[in-house]
Amino acid sequence: MGTYGDQVRQALLDSAEELFVTFGVDAVSNRRIAEHAGNSNHSAVSYHFGSREDLVRATLLRYTEDAGARRRELVGMLGPEPGLRDLLSCLVVPFTDQLASMSVPSWRARFIQQLRTVPSMVATVAANAISDPVVDDLIQRVRAHVSDLPDSVYTGRSWLLGRLVIDACADYEARLAREDLEPDWTGFANFLIDACAGMLEAPVTSEGDFLSARGASVWA
């Protein structure tokens, strides 16, 4: 269960994530976050996290260790010559498994989606991106499977894939919240992996440098 302080922090993070998604990051005060968490101490956010940026950072990174552990587990299960879809599974599944572990409604995917689109938060997300050598190795191995792609095309498609996974998960998460559906994150992950593999392996008809990778990785 953790200490009382850990439980308070968890409640504040849960509250912040929900309110940020519902009303927008810039529209929610620390006092409102504390009240929504059932905390009568209106300075609880400052006490437990410090600055507003520290709160956002803690909310953003709160599941990083769990996702990393799940990814290492999946990588350890790979055969000696994994296919493209196997490698993509190691990138996608830790995130969808994380979402599957949460009760409905959950807010995680929509929170990350919002951070990537709110101008005031883009710099915070980029500054707190964590380099994971396991992710870096997987991305290099994916690149080797599509070595015929020009660098500009691979970079652009990789950027699109990051957007696709986050936006699609956010949309599915929202749908589960508003409709009486049985969550199927495993099936949804397979759907995403198929789409990612198809995009990477699609024919190239234009090699222009139309998109560039930027911001935090979805895989972290």
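Student: Which residues touch the most other members of the largest nonpolar core?

Tutor: F20, I33, L88 and C169 do, among 62 residues in that core. A nonpolar core is a set of buried Ala, Val, Leu, Ile, Met, Phe, Trp, Tyr and Cys residues joined through side-chain atoms within 4.5 Å. This is a predicted model, where local features need pLDDT of at least 70 and side-chain atom pairs pLDDT 80 or more, while totals for chains, interfaces and linings use all residues. Residues are numbered from 1 along each chain, and side-chain values use heavy atoms, leaving out hydrogens and water.

Student: Why does F20 count as buried?

Tutor: Buried means under 20% relative accessible area, with exposed over 50% and partly exposed in between (1.4 Å probe, protein chains only). F20 has 0%, so F20 is buried.

Student: What makes F20 and F111 a stacked aromatic pair?

Tutor: Rings of Phe, Tyr and Trp (its six-membered ring) pair if their centres lie within 6.5 Å; planes under 30 degrees apart are stacked, over 60 edge-to-face, the rest tilted. For F20 and F111 the values are 6.1 Å and 15°, so the pair is stacked.

Student: How do you know that the charged end of R32 sits over the ring of F23?

Tutor: The rule asks for NZ of Lys or CZ of Arg within 6 Å of the ring centre and within 35 degrees of the ring normal. The charged end of R32 is 4.0 Å from the centre of the F23 ring.
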